[in-house]
Amino acid sequence: MKVTLCVVGRLRAGPERDLIDDYLTRFDRTGRALGLGPVDVREVEDRKGGGMAAEAALLENALPAGAAVIALDERGKLKTSPEFAADLARFRDDGRRDLAFVIGGADGIDPALRARCDGALSFGKMVWPHMLVRVMLAEQLYRAASILAGSPYHRA
């Protein structure tokens, strides 16, 4: 099952990019034997200042056709890492070829796009900068693959 991160904003070189690249490389290596991955990151940027609606249109165009779509949103569901891993396995085992995660810009995700998603995931009630959400999602993807592989990376 391919995983796509559809995100608003371009990530420049720096510590966030290094962390994301490291975790996504680990996910690809660990997930390959589990039928997970590879990960594709699709960055979009609204250069005309159209707000959430314009960002939503760009994100929609970046989504793989037929993908299950999960929004990263503070109003989403809080999950443990094992629950997140089980969700990935369930999508894979249900025969989904593509799973996409959507991370909005500074103003969040347009309500119409959020309503179209198959689910919403929260990393807590606090609002996080979208670049840090990318890091946290990349780490949780690797952690989920590690859990599914029975690796000692995740200790509960």
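Trainee: Is F101 buried or exposed?
Mentor: F101 is buried, with a relative accessible area of 1%. Please bear in mind that this is a predicted model.

Trainee: Which ring does F101 pair with, and how are the two planes set?
Mentor: F101 pairs with F84. The ring centres are 6.0 Å apart and the planes stand at 50°, so the pair is tilted.

Trainee: Which residues form an aromatic cluster?
Mentor: Y23, Y142 and Y153 form one aromatic cluster.

Trainee: Moving on to helix α2, how does its span agree with its 12 residues?
Mentor: Helix α2 covers residues 51-62, and at 1.5 Å a residue it should span 16 Å. Its end C-alpha atoms are 17 Å apart, which agrees.

Trainee: Which residues of α2 are buried?
Mentor: The buried residues in α2 are E55, A56, L59 and A62. Seen down the axis of α2, the buried residues fall within an arc of 120°, so they line one face of the helix.

Trainee: What covers those buried residues of α2?
Mentor: The cover includes the strands β1 (2-8), β2 (39-44) and β4 (98-103), together with α4 (111-116).

Trainee: And which exposed residues sit on the face turned away from the buried side of α2?
Mentor: That face of α2 carries A53 and N61, which are exposed.

Trainee: Now α5, please. What is its reach from first C-alpha to last?
Mentor: Helix α5, residues 130-149, has 20 residues and reaches 29 Å, close to the 28 Å expected at 1.5 Å a residue.

Trainee: How many of the residues of α5 are buried?
Mentor: In α5, 14 of the 20 residues are buried, so the helix is mostly covered.

Trainee: What follows α5?
Mentor: G150 follows α5, and its phi is positive, near 75°.

Trainee: Where is Q140, and what does its side chain make a polar contact with?
Mentor: Q140 is placed in helix α5. Its side chain makes a polar contact of 2.7 Å with the side chain of S81. Q140 is buried, with a relative accessible area of 16%.

Trainee: Which residues is Q140 in contact with, leaving aside neighbours within four places in sequence?
Mentor: Q140 is then in contact with S81, F84 and F123. F84 is the residue whose ring pairs with that of F101.

Trainee: What about S122: which backbone oxygen does its side chain reach?
Mentor: The side chain of S122 reaches the backbone oxygen of E74 at 3.4 Å. S122 lies in strand β5, residues 119-122, and is buried, with a relative accessible area of 4%. Not counting residues up to four places away in sequence, S122 touches D73, E74, G76, K77 and L78.

Trainee: Last topic: how many disulfides does the structure hold?
Mentor: The structure holds zero disulfides. A disulfide is a covalent bond between the sulfur atoms of two cysteines.

Conventions:
Residues numbered from 1 in each chain as written. Predicted model: local features only at pLDDT ≥ 70, side-chain atom pairs only at ≥ 80, totals over all residues. Heavy atoms only, no water. Helix = DSSP H or I, 4+ residues; strand = E, 2+ residues; numbered from the N terminus. Expected span 1.5 Å × (residues − 1). Buried < 20%, exposed > 50% of the residue type's maximum accessible area, 1.4 Å probe, protein only. Arc of directions from axis to C-beta. Contact = heavy atoms within 4.5 Å. Phe/Tyr/Trp six-rings, centres within 6.5 Å; stacked < 30°, edge-to-face > 60°. Disulfide = S-S within 2.5 Å. Polar contact = N/O pair within 3.5 Å; in protein donor to acceptor, adjacent residues only side chain to side chain.
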